[in-house]
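Notebook open. My entries follow.

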Amino acid sequence: MILSAENIYKSFGVKSVLEEVNLSIEEGDRIGLIGVNGCGKSTLLNILTGEDDPDKGTVALTNGKTVGFLKQSGGLELDRTIMEELESVFGDVRAIEQKMRETEIRIAAIEHNGELFDKLSTEYEQLQNRFASMDGYMVEVKIQTVLNGMGFGSFAKNTPISTLSGGERTRVALAKLLLEQPDLLILDEPTNHLDFKTLYYLEEFLLGYKGAFLVVSHDRYFLDRVVNSICEIEWHKLYRYKGNYSKYVVLKEEKLARQQKEYEAQMEKIAELEDYVQRNIVRASTSNMAKSRRAALERMEPIEKPLPPPKPPHFNFEYEREPVKDVLHAEEIHLVAGEGATSVELMKSLSIDLLRGDKVAIIGSNGVGKSTLLHELREPCRENANKVKWGRNVKIGFYDQHITGLNPNNTVLDELWNRYPRLKELDIRSVLGLVRITGDNVFKKIGVLSGGEKAKVALAVLMMEHPNVLIFDEPTNHLDISAKEAIDAALVRFTGTILMVSHDRYLLNRVPNRIIEMTGKDIEITEGGYEAYVDSHMRQEKTSPINVQTKDRFEIDRGEKKEEKPKSLADFETGHRTKKQRAEQQKLKNELKAVEQEIEYIENTISSLEEQLSQPIEDYRETIRLCDELENYRQQLGELYDRWLMLNGEE
């Protein structure tokens, strides 16, 4: 047990947030925490980490266990550089290293004999052993590997944290936490601001993490890959399901169906007993039996009617006019970020064509120019004006990830009504009701809405425009899982044309029929969704010749007789041995030598791969390939150590 929370209650004013919440976190737990926006996920994290106190209930952390908490913001010293912030994790290691340097100087200043020399040598050896046990010699490699994995490989190490964007600061905080490696990682939306490269690195890190973690995330693909249980906050309570997100969907549906059947069966039983009691309680012959049934009714523990999941939003994009077949032809677009002396060329020449009904996703690393491309296609600059040609009858609907098109001083109702003043209030409210903005919430000012609520308003506006071409810049940002699934379904149903930028791999696997990757130099096109992209670009299986040789040799040396116990060198006595025994002994010695040689080779290869990963790598697919190769070699090394122990009779 690492941490336990028992009977947690929390309210804000008259609004109850958490009721009777119980949660235990054991070694090896990988927990995904989900729920609709505002259900209390961040509140629970704050309670678990001691940032806030529950109204009732207790939280207990096992003695000696450590917790690391990644908030959605904050937690960094802004006056430090990136390297200083990450180096702060290894303060104890650096202190020992400093003592080693000081001891070296003292040893060098005296003669190599005498009591003081022996004393200092002993101290130095103890410091060295402690330094090695704390993995001190790998500090630089660890820092560089995490920096590169989190997308800071090309950043100057003396970059002040105060100059970083909010997303970059979050990534630094996450990098620091990964280096600390506490017993329990608690992460609040860690996948925000991450591109595919850093997402993949984080997933691989968590898959190999020795401690436990609890992560709040709306990234369904991420949850499918890294967690082994799902905790959902619903109607103020917490429910736990074994398995990843896809398994949770099935288990929850089965649970609700089972509860409904049990509830209905009990209602039928109660009605039957009550009817019998009413008909027979006054009859002398059956009065005792009626009383017995009434007593059974009183003893019966009622089954609560299962509460349905909160109703998800509903998005529906329809259009009135069909465009021509050739929706878009853009040729040799010049992409530039910024203006004047501060401008940066993103791509010299980019061409793209869209046909009616195409659903195309644009992906690529952060800063490569994806959002810039969308803006240029929609409102081209003077240089590109004649290079972007939209077809006849095209009506574009645009969704901006920053949701800048809404007036913060308007109420939700006025925001839509000002755009469509001829509509009745009932019509406006009906559209808002679809996205689950109802009641007095329609009178809230846009400026006070949460990110998810603003996104729903922007999507409601888009539905009312009836475009036949949808251009989305990160449509699922800010949305909880139920809203994400609703937008997924709406885009699958949409019969018009879609061009979107997204990091949502679940969405990318369902909606697009083509993926365009911007690499910074050119574009690469993959037919199909995200899985097709992965198959063709990211995870080509490579068989290591070392692995094949090792496997084949072990199979030969172990022989085909499965019933015989594998012998080790320890099985042979020092006395008289037959010729056959001497041959077997020599065979095992030869195998032991070969295993030791392979261990040395693979250890050197692992060191080389770790060194490569600690250096900046521009192509994230190369990073993924190196990570896969490193994991493969580590697995081989474990198998070789097992075999080495067996040959020596230690297993």
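**Entry 1: strands 10 and 13.** I looked at how strand 10 meets strand 13: three bridges join the two, and they run antiparallel. I took strands as DSSP runs of E with at least two residues, and helices as H or I runs of at least four, both numbered from the N terminus. Two strands pair if DSSP finds at least two bridges between them. His329 stands opposite Lys389 in strand 13.

This is a predicted model, where local features need pLDDT of at least 70, side-chain atom pairs count only at pLDDT 80 or more, and totals for chains, interfaces and linings use all residues. Residues are numbered from 1 along each chain as its sequence is written, and side-chain values use heavy atoms, with hydrogens and water left out.

Entry 2: Three strands make an open, antiparallel sheet in the order 11-10-13. Strand 11 (344-355) and strand 13 (388-390) are the edge strands, each pairing on one side only. Neighbouring strands are turned by 15° against each other on average, direction ignored. I note that axes are lines fitted to C-alpha atoms, and angles run from 0 to 180 degrees between N-to-C directions.

**Entry 3: negative patch.** Which residues gather in a patch of negative charge on the surface? I found Asp326, Glu331, Glu332 and Asp353. Strand 10 (residues 326-337) gives the largest share, three residues. Glu332 lies in this strand. Patch residues have over 30% relative accessible area and no salt bridge, with like charges joined within 9 Å. Areas come from the Shrake-Rupley method with a 1.4 Å probe. Asp and Glu count as negative, with the charge placed at CG of Asp or CD of Glu.

Entry 4: Three strands pair antiparallel in the order 2-1-4. Strand 2 (15-25) and strand 4 (56-61) are at the edges with a single partner strand each, so one side of each has no neighbour in the sheet. The twist averages 20° from one strand to the next. Five bridges join strand 1 (residues 3-12) to strand 4. Ala5 has Val59 as its bridge partner in strand 4.

**Entry 5: salt bridges.** How many salt bridges are there? I count 27, taking a side-chain nitrogen of Lys or Arg within 4 Å of a carboxyl oxygen of Asp or Glu. In one of them, Asp52 meets Lys10 at 3.5 Å, N to O. Asp52 sits in the loop between helix 1 (41-48) and strand 4, and Lys10 in strand 1, so the pair ties together parts 42 residues apart in sequence.

Conventions. Patches are made of residues with over 30% relative accessible area and no salt bridge: like charges are joined within 9 Å, nonpolar side chains (Val, Leu, Ile, Met, Phe, Trp, Tyr) within 5 Å.
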